[in-house]
Amino acid sequence: MDQMTIGEVSSMFQISARMLRYYEKIGLIESMRKEGYAYRVYNTDAVRRVQQIIILRKLQIPLKQIRCMMDGNKEEAIRILEARIRDMNENVKTVHAMKKALEKLLELLYEDASDENYMDFVQEDTIVELTEFLPLEKHHLKGERKMSIAKEMVEKGNCVRIVLLPPCTVASYQFAGDDPEETVGEVMDMFIRSSKLYEIKPDARMFGFNNPEPQPGSDYHGYEDWVTIPDDMEVASPIVKKHYDGGLYAAYTINFPDFYEWNFLKEWVKNSEKYQEDHRDYLEEHLNWVYSSHMGWPENGIDGKIDLLLPIKPR
């Protein structure tokens, strides 16, 4: 097939259309408009680049480095991959040393006949020897790479939180069509700035969700944004004032735009012994979004983090 729609590419590689649009926004891929067709399409070269990006992302190469590899030269790509392998070797050594220290500590606890002061192992020469070279934190690792190491060191499931969202009043805007997330984001951004919402409600939060959901074989879908507002605040069209009843959610934090992590969170709930999925809207809370909008989106502002919120209820 010479040309594929965004929905077809999304389905083919099991990634969100939103992620594809983000790749395009930062210049990793390009789309084109078909005459008389409302949605963008991708040619064979663009689809191949998407496949390359997915492979490199699974190898935990940051997007900035992926762009350097794809748009730079062979020497730059080699340098990036060699650095990634060095990082992995360093992490393997650290994990191995941690494992040895943990095993030694467990051995000491088994050998200690006393139930008192059983954690007094600091003076133990062996433990000191094993742990003195283990870094508490690698300050030179930043952003996406630092998060990827954390995921390697800690089982993902331990990072899932159970949160109860309280009832609240929200300002809402929904749009269906091309680039719905960007469209509603621009409208809500204007609303936050013009209303000076952050000054009125500094704890305001921003949530988003698909509405309507994308359907198989179709590029059509919509998105809706909610921003929490004071109960007595009035809003003007096209913004709509709504009440949200709140609810229980399984929460997992991602870096934008790693929306493929929804698959992990769904699987976590599916395998949970305590919780099961509840049939309400999945939510995405864009952390610090209201503050960032209020501050005019400073270039060196807060990193984009998103809480994926999957509705649950006790089994």
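## Before you start

The model is predicted, so please read it with its cut-offs in mind: local features need pLDDT of at least 70, side-chain atom pairs count only at pLDDT 80 or more, and totals for chains, interfaces and linings use all residues. Residues are numbered from 1 along each chain as its sequence is written, and side-chain values use heavy atoms, with hydrogens and water left out.

## Aromatic pairs

Let's begin with the rings. The structure holds 8 aromatic pairs; rings of Phe, Tyr and Trp (its six-membered ring) pair if their centres lie within 6.5 Å, and planes under 30 degrees apart count as stacked, over 60 as edge-to-face and the rest as tilted. One of them joins Tyr-22 and Phe-256, which are edge-to-face because their planes stand at 90°, with ring centres 4.7 Å apart. Tyr-22 belongs to helix α2 (residues 17-25) and Phe-256 to the loop between β9 (247-255) and α10 (262-271), so this pair ties together parts that are 234 residues apart in sequence. Helices (H or I, at least four residues) and strands (E, at least two) are DSSP runs, numbered from the N terminus. Tyr-22 is partly exposed at 21% relative accessible area, and Phe-256 is partly exposed at 31%; buried means under 20%, exposed over 50% and partly exposed in between (1.4 Å probe, protein chains only).

Another pair, Trp-226 with Tyr-244, is tilted, because the planes lie at 50° with centres 5.2 Å apart. Trp-226 sits in strand β7 and Tyr-244 in strand β8, so the pair links parts 18 residues apart in sequence. Trp-226 is buried, with a relative accessible area of 10%, and Tyr-244 is buried, also with 10%.

## A cluster and a charge over a ring

Tyr-22 and Phe-256 turn up again with Phe-259: these three residues form one aromatic cluster. Elsewhere, the charged end of Arg-280 sits over the ring of Tyr-249, 4.8 Å from its centre. That label applies if NZ of Lys or CZ of Arg is within 6 Å of the ring centre and within 35 degrees of the ring normal.

## Where α1 meets α3

Which residues of α1 meet α3? Val-9, Met-12 and Phe-13 do, and their partners in α3 are Val-47, Val-50, Gln-51 and Ile-54, where contact means heavy atoms within 4.5 Å.

## Backbone spots to look at

The bond from Asn-211 to Pro-212 is cis, with omega near 0°, and Pro-212 is in the loop between β6 (206-210) and β7. The bond from Ser-237 to Pro-238 is cis too, with omega near 10°; Pro-238 is in the loop between β7 and β8.

Gln-60 is not a glycine, yet has a positive phi of about 60°. Gln-60 lies in the loop between α3 and α4 (63-71) and is partly exposed at 24% relative accessible area. Lys-196, likewise not a glycine, has a positive phi of about 50°. Lys-196 is found in the loop between α8 (180-195) and α9 (197-200), partly exposed at 47%.
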